[in-house]
Amino acid sequence: PRIAVVVVAAGSGTRLGAGGPKAFVGIDAHSVLRHALNGVFAAPSAQVILVVPAGREGDAMTEALSAAGEERRDLVSVVAGGATRQGSVAAGLAVVWPDIDIVLVHDAARAFTPPDVFERVIAAVGVEAPGVVPVLPVVDTIKRVVGDDVVGGVDRSELTSAQTPQGFDRAVLDAAYRVADREHTDDAALVAAAGHRIVAVEGDAASFKITTPADLDRARGLAAKHPP
Ligand code: CTP
Ligand code: MG
């Protein structure tokens, strides 16, 4: 199959509070986006689409070429994102080439996603189900709290936290985005709402999303242990 990876990197990084869009924040000598792209370009994709804040398209292309090599320039598309993550994914989907069969949607903020997560997702799309999401078991005991009353526990054995890349049959993802009439929490939820089966594959702790300053510290620790 022909695979495209849509890398959403157009968020503002409010919770990180680093004074600029999160994807362009430095982890070490390299940005969040550049680390994420090292993983993306290790996966067997035909097209890589970067969705970035308007005005940062040139910077994004520079990052992509330094990660992929100038000879892979033709693989790379760069577009401006939307006001929400869902809007940014939609902007990316609009430029997927006609001959692509499988689309992966990946958060740039998951800068250290290992290549085998991409491989597990790709292997399951269309074989197991039209939608695939990498997950990790929830480690904490979960309580349902209303106001400040604990109103019950939740069976943790059924709970997981969802990561990216999430992989989809291209036609199914396009159609689900066309009929989506509200914001969903992730692409798997949007595709499930359109009536399609989603299966889980194993995620990876290294695939954590850089969201807060503490996450950035963790990323810096990881980068120091695995220099480029
Ligand atoms: N994203 C995007 N377009 C948006 C919002 C988010 O492309 N309008 C991307 C982010 O760049 C990130 C991923 O979606 O790679 C996950 O979003 P999140 O971690 O929430 O990033 P931000 O929205 O940038 O952070 P915050 O919510 O703290 O502002
Ligand atoms: Mg956000």
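Visitor: Which residues does Leu136 touch, not counting residues up to four places away in sequence?

Guide: This is a predicted model, and in it Leu136 belongs to strand β5, which covers residues 131-137. Once residues up to four places away in sequence are set aside, the residues that Leu136 touches are Thr160, Ser161, Gln163, Gly203 and Ala205.

Visitor: Is Leu136 buried, partly exposed or exposed?

Guide: A residue needs 20 or more other C-beta atoms within 10 Å to count as buried, and 12 or fewer to count as exposed. Leu136 has 16 other C-beta atoms within 10 Å, and therefore it is partly exposed.

Visitor: How far apart in space are Leu136 and Val40, C-alpha to C-alpha?

Guide: In sequence, Leu136 and Val40 are 96 residues apart. Val40 is one of the buried residues of α1, whereas Leu136 lies in β5. Taken from C-alpha to C-alpha, the separation of Leu136 and Val40 in space is 20 Å.

Visitor: What does Val154 count as, buried or exposed?

Guide: Val154 is found in the loop between β7 and β8, and, leaving out residues up to four places away in sequence, it touches Ile142, Arg144 and Leu159. Because Val154 has 12 C-beta neighbours inside 10 Å, it counts as exposed.

Visitor: Which residue in the turn between β6 and β7 has a positive phi?

Guide: Strand β6 (residues 143-146) and strand β7 (residues 149-153) run antiparallel and are joined by four bridges, with Val146 standing opposite Asp149 in β7. The two strands form a hairpin with two residues between them, and the turn residue with a positive phi, of about 65°, is Gly147.

Visitor: Where does Pro165 lie, and is the peptide bond from Thr164 to Pro165 cis or trans?

Guide: Pro165 is in the loop between β8 (160-162) and β9 (166-169). The peptide bond that leads from Thr164 to Pro165 has an omega near 5°, and its form is cis.

Visitor: Which residues lie on each of the two faces of β1?

Guide: In a regular strand the side chains alternate between the two faces of the sheet. In β1, six of its six residues are buried, and both faces of the strand are covered. One side carries Ile3, Val5 and Val7, and the other carries Ala4, Val6 and Val8.

Visitor: With which strands does β1 pair in the parallel sense?

Guide: Five bridges join β1 to β2 in a parallel arrangement, and among the pairs there, Val5 has Val48 as its bridge partner while Val8 has Val51. On β4, the bridge partner of Ala4 is Val103, and this second pairing, also parallel, runs over six bridges.

Visitor: Which residues is Val51 in contact with, leaving aside its neighbours within four places in sequence?

Guide: Val51 stands in β2 as the bridge partner of Val8, and five of the six residues of β2 are buried. With its neighbours within four places in sequence left aside, Val51 is in contact with Val6, Val7, Val8, Ala9, Ala10, Val79, Gly81, Ser88, Ala91 and Gly92.

Visitor: Which elements do the buried residues of α1 pack against?

Guide: Helix α1, made of residues 32-42, is mostly covered, as eight of its 11 residues are buried; these include Val32, Leu33 and Ala36. The buried residues of α1 pack against β1, β2, α2 (57-68), β4 (102-107), α4 (115-124) and α7 (213-225).

Visitor: Which residues are closest to ligand 1?

Guide: The shell around ligand 1 has eight nonpolar, nine polar and five charged residues. Of the 22 residues that surround ligand 1, the closest are Ala10, Gly11, Thr14, Arg15 and Ser88.

Visitor: What is the radius of gyration of the chain?

Guide: The chain has seven helices and 10 strands, and its C-alpha trace spans about 55 × 40 × 30 Å along its principal axes. With 228 residues, a compact globule would have a radius of gyration near 17 Å, and the chain agrees with this, having 17 Å.

Terms used: Residues are numbered from 1 along each chain as its sequence is written. Chains are lettered from A and ligands numbered from 1 in the order in which they are written. This is a predicted model: local features need pLDDT of at least 70, side-chain atom pairs count only at pLDDT 80 or more; totals for chains, interfaces and linings use all residues. A residue is near a molecule or strand if its C-beta atom, placed from the backbone, lies within 6 Å of it. Ala, Val, Leu, Ile, Met, Phe, Trp, Tyr, Cys and Pro count as nonpolar, Asp, Glu, Lys and Arg as charged, and the others, Gly among them, as polar. Two residues are in contact if their C-beta atoms, placed from the backbone, lie within 7 Å. The radius of gyration is taken over C-alpha atoms; the globule rule is 2.2 Å times the number of residues to the power 0.38. Two strands pair if DSSP finds at least two bridges between them.
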